[in-house]
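User: I have a model open and want to learn how to read an interface and a ligand site. Where do we start?

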Amino acid sequence: MPMKIGTEPFFERVDRSIHDDFMRQAMASAQDRLRGRKLEATVGDDSLIDWELWRNAGEEIRRHTLENLDFYLEQLSESYAARGGHVFFAATAEEANRYIQEVVQKKQAKHVVKAKSMVTEEIGLNEALEAVGCDVLESDLAEYILQIDDHDRPSHIVVPSLHKNKEQIRDTFREKRGYTKSEKPEELAAFAREELREAFLKAEVGITGCNFAVADSGTVALVTNEGNANMVTTLPDTQITVMGMERIVPSWEELDVLVTLLCRSAVGQKLTTYVTGLSPDLEADSVDSPKDYHLVIVDGGRSKALGTEFQSALHCIRCAACVNVCPVYRHIGGHAYGSIYQGPIGAVLSPILGGYEEYGELPYASSLCAACTEACPVKIPLHELLIKHRQRYVSGGGHPKASEKLSMKVFGIGASSPSLFQMAKGMAPAMLSPFTKEKRIEKGPGPMKPWTEIRDFPAPSRDNFRKWFDEHKKKAGDDQ
Amino acid sequence: MKVSLFVTCLSEMFYPHVAKDMTEVLERLNCDVEFPKGQICCGQPAFNSGYLEDAKKAAKQMITAFDGAEYVVTPSGSCAAMFKEYPSMFADDATWKQQAEALADKTYELCQFIVNVLGVEDLGASFPAKATYHTSCHMTRLLGETEAPFKLLSHVKGLELVPLKNNYDCCGFGGTFSVKMVPISEQMVDEKIRHVEETEAEVLIGADNGCLMNIQGRINRQGKRIKVLHIAEILNHQQKGGAEYANENRDGALL
Ligand code: SF4
């Protein structure tokens, strides 16, 4: 449930989103802004020499890491444990939540603060903690906005509140928190900060996600802009980091490359304001650093992709560059995907983690324009993975329409028999003539129907190119 | 130079004049043009829908049809890209894979062929009109051809080519996407048309009949007056006035 957003069927979600003018406006302008910034900071930045080389390096690092994932996971857990931290491997969301609940209960903690994390959304951690009587506060501004707005769901993996504009945020603050000032971002942020300060001081447990975990040093790297992650990781005595099992890099050297790719692709910054390295640090005799560190490594269905044609989906570094260029996302927004992972990567990842029953439509919600593949800093062939999903879906994984299967069969036969094709071509104008008005078809029969719902279809031409070509050639021969 | 035309099923069915224009353009450039009769459809509708086996049937038919070709030239970036995809479809069939590779290597989209292989940019065409150009996704991203059409159009006399906002965004065609995801496709094509209108161009030019069929079909449905033409029609246009030509010559088209 937590990965899933809403209960309506796909096309109802799409319909609702398409009619949400507010959200559409927000999406389109955010996309234009983010795309522009990314281009400036990547292909447009001469100091990088050649962005393509960076992408190649990123792809290679991710491929190598995933190919040797078992090795690096072991190395990570050893180095983390050697520093005095606890490591827990959770096969499922439930296992992860149960472990974290136990840690929190053992500390008799009542107050938890969180930094931004998609994987804790994925496993539904907040609900699990609330169920054991904890009060959980999101400290990333975007997540905070969603949380106080009756737990609204994320619509973008980097900026979860992208579907809201500042006026809406002001109204939410007013209604839920008695805010009295304007919609100026600085004022809104200052207000949230006040509440957050108190929470930071009160919290017994801090929970973060993980952009990358450095295997050889046992360090969790967090890439942020607001400074909230630093508060979360320094003030509470108990630290819990939750990470997807693939978010790992061999060493600081690779981290350097991936952080560069991430910051530039996600927000068009050379570097975010903060890159925080968090390692258990129990030996130092400092009195005010946290006392207890936990690293929860979540599988949650990821291992299903290992060793399959979908393995490269695990290369993702969650920069949302693919989301920001996606023309489908542009028009339907994040919630219509019905998953906290939206856009092209969401359409690839959600069915892997959650199955076709729940997310079978998503791989079809793409025109295969390949803008995503072109944008991805680690060169995941996203549009190809969408086709691979479709292949799986029609060959047993899902429930393709019988009529579609049949028409593709007929297609296969027709497309391998020139005489049949010629016959069909010859017959088409006459067969479609009842539907044809001034060389166009406004209401087509059968498979043409969905096309003509919104557009005209050209009437099949009565001209025969083959005949013309033969005559043309003959004439040329005669002339010589 | 021997050139085998791959006119695409869409052109054969709906836009034979594009195939004719392409033939004439290539002949004017001294190509020895032939038309392999065994050609049908590249198989993209099946491939993109996940029906690999049905797509393979189409692919084998095409590989066989173009067996003896020296150069295969097509008026569609998308169909050319599909030919380039064939080798991946026969990953575990060495014989077909090899043939698929041979076909992929000799396949070019029309503009690409004229500019990069023949080394010609000025075709002596004239088309006095204000126009904008739709860069189709498969041509630019899968085939990697971003410049050839612009080079060719820059030499067309009288043609004023204005840039199209967000030109890298898909028009919403996407093959079966256009019928499977109608409401989304509709939003995409509408935004595309809005941007075309903003340019105040009379003519929209493109190099992929799939996209053009989508955009034109929607323009007609909305009763708008922008003309949609394939680049081959522009390049083959030697004397007559542009906008009028568009009206007269699109047999079977939707103007
Ligand atoms: S798939 Fe690539 S572009 Fe999309 S979020 Fe992941 S890393 Fe970024």
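Analyst: Start with buried area: the accessible area, for a 1.4 Å probe, that two parts lose on being put together, summed over both. Keep in mind that this model is predicted.

User: What area is buried between chain A and chain B?

Analyst: About 6,300 Å². Carbon and sulfur atoms give 62% of that area. In chain A, A:Ile454, A:Phe465 and A:Arg466 lose the most area to chain B. Together they make up 11% of what that side buries.

User: How many residues does the contact take from each chain?

Analyst: Chain A gives 70 residues and chain B gives 72 residues.

User: How many salt bridges are there between chain A and chain B?

Analyst: A salt bridge needs a Lys or Arg side-chain nitrogen within 4 Å of an Asp or Glu carboxyl oxygen. The count here is 10. One of the salt bridges joins the side chains of A:Asp470 and B:Lys37, at 3.2 Å from N to O. On the chain A side that touches chain B, 36 residues are nonpolar, 13 polar and 21 charged.

User: Now the ligand. Which residues are closest?

Analyst: A:Cys316, A:Cys319, A:Ala320, A:Cys322 and A:Cys376, out of 14 surrounding residues. That shell has 13 nonpolar residues, no polar ones and one charged. The ligand takes up the second largest cavity.

Technical notes: Residues are numbered from 1 along each chain as its sequence is written. Chains are lettered from A and ligands numbered from 1 in the order in which they are written. This is a predicted model: local features need pLDDT of at least 70, side-chain atom pairs count only at pLDDT 80 or more; totals for chains, interfaces and linings use all residues. Side-chain values use heavy atoms; hydrogens and water are left out. Contact means heavy atoms within 4.5 Å. Ala, Val, Leu, Ile, Met, Phe, Trp, Tyr, Cys and Pro count as nonpolar, Asp, Glu, Lys and Arg as charged, and the others, Gly among them, as polar. A residue is near a molecule or strand if one of its heavy atoms lies within 4 Å of it. On a 1 Å grid over the protein atoms alone, a cavity is a set of points where a 1.4 Å probe fits but cannot get out, and a pocket is an open set with protein on both sides within 12 Å along at least five of seven lines; lining residues have an atom within 4 Å of a point. A molecule sits in a cavity or pocket if more than half of its atoms lie within 2 Å of its grid points.
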